[in-house]
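I am opening my notebook on a structure that is new to me, and you are welcome to read along. I will jot down each thing as I look it up.

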Amino acid sequence: AKWLSKKTGKTWRLPTEAEWEYAAKGGENYKYAGSNNIDSIAWYDKNSYYKGSSHADYGTHPVGTKSPNGYGFYDMTGNVCEWCSDWYGSYNTDAQNNTKGASSGSSRVLRGGGWINSAGYCRVAYRSSSTPDNRSNRIGFRLAETN
């Protein structure tokens with residue numbers, strides 16, 4: 001984000017968890033980011049991991065090889081889990097808009113599920129977490145521009 005900000009003159013950052021979920025929903029009410037049919041929009045265990053490491057569909061894939069969601073975003077479900085800027089913590093159960101995550105913690109939020117995950121872990125609503133120093137071919141990120 002710092003490199004891209006310096007290169008473009010714009011300010012880039014990880015999205016908050018609420019921003020990520022809003023973008024993933026794409027203005028629609030699907031279970032996955034763009035469809036209720038996960039095979040049409042996501043790389044996940046059944047069409048990637050279980051193929052085996054010698055198969056061409058094993059592992060991460062170039063972005064845009066499946067259908068986009070309603071906002072035109074690709075791969076918000078499946079392919080790789082995505083970092084959010086929020087610390088992982090419990091949500092308030094009351095309805096809220098643009099919720100803020102925990103103010104501190106040891107793990108950051110991951111959303112979207114990845115090529116190694118089952119469909120349940122790829123739902124738009126599913127949340128997981130990891131320590132910020134975790135590096136994996138199953139974890140990635142997308143950036144949000146700050147105006």
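**Entry 1: contacts and overall form**

I began with the contacts, remembering that this is a predicted model. Among the contacts in the protein with a separation of 6 or more, 65% are between residues 24 or more positions apart.

Next I counted the secondary structure and found three helices and six strands. Following the sequence, I read the pattern as α-β-α-α-β-β-β-β-β. I then looked up the radius of gyration, which is 15 Å; the globule rule gives a close 15 Å for 147 residues, so the protein is as compact as a globular protein of that length.

I also noted the box filled by the C-alpha atoms, roughly 40 × 40 × 30 Å along the principal axes. Of the 147 residues, 38% are buried. The accessible surface came out at about 8500 Å², and carbon and sulfur atoms hold 48% of it.

**Entry 2: the sheet**

In what order do the strands of the open sheet lie? I wrote down β4-β3-β2-β5, four strands with mixed pairing. The edges are taken by β4 (127–130) and β5 (139–140); each has a single partner strand, so one side of each has no neighbour in the sheet.

I reminded myself that strands of a sheet pair through backbone hydrogen bonds, either parallel or antiparallel. Parallel or antiparallel, then, for β2 and β5? Strand β2, residues 81–87, pairs with β5 in the parallel sense over two bridges. I looked up Cys81 too, and its bridge partner in β5 is Ile139.

A helix also packs on this sheet: α2, residues 17–25, touches β2, β3 (108–111) and β4. I noted that the direction of α2 makes about 140° with that of β2.

**Entry 3: aromatic rings**

How many aromatic pairs does a search of the whole structure find? I got seven. One of them joins Tyr22 and Tyr71, a tilted pair at 5.7 Å centre to centre with 35° between the planes. This pair links distant parts of the chain, since Tyr22 sits in helix α2 and Tyr71 in the loop between α3 (38–41) and β2, 49 residues apart.

I checked how accessible these two are. Tyr22 counts as exposed because its relative accessibility is 58%, over the 50% cut-off. Tyr71, at 37%, counts as partly exposed.

Then I turned to Tyr49 and Tyr50. Their ring centres are 5.5 Å apart and their planes stand at 55°, so I logged this pair as tilted. Tyr49 is partly exposed at 32% relative accessibility, whereas Tyr50 is exposed at 56%. Both belong to one aromatic cluster, together with Tyr58 and Trp115.

Buried or exposed, I asked of Asp75? Asp75 is buried, because its relative accessible area is 5%, under the 20% cut-off.

Asn79 is found in the loop between α3 and β2 as well. Its phi is near 70°, again positive in a residue other than glycine. With a relative accessibility of 4%, Asn79 also counts as buried.

Notes: Residues are numbered from 1 along each chain as its sequence is written. This is a predicted model: local features need pLDDT of at least 70, side-chain atom pairs count only at pLDDT 80 or more; totals for chains, interfaces and linings use all residues. Side-chain values use heavy atoms; hydrogens and water are left out. Two strands pair if DSSP finds at least two bridges between them. Contact means heavy atoms within 4.5 Å. Axes are lines fitted to C-alpha atoms, for helices over the stretch in contact, and angles run from 0 to 180 degrees between N-to-C directions. The radius of gyration is taken over C-alpha atoms; the globule rule is 2.2 Å times the number of residues to the power 0.38. Buried means under 20% relative accessible area, exposed over 50%, partly exposed in between (1.4 Å probe, protein chains only). Accessible areas come from the Shrake-Rupley method with a 1.4 Å probe; for residues, only the protein chains shown count as cover. Rings of Phe, Tyr and Trp (its six-membered ring) pair if their centres lie within 6.5 Å; planes under 30 degrees apart count as stacked, over 60 as edge-to-face and the rest as tilted.
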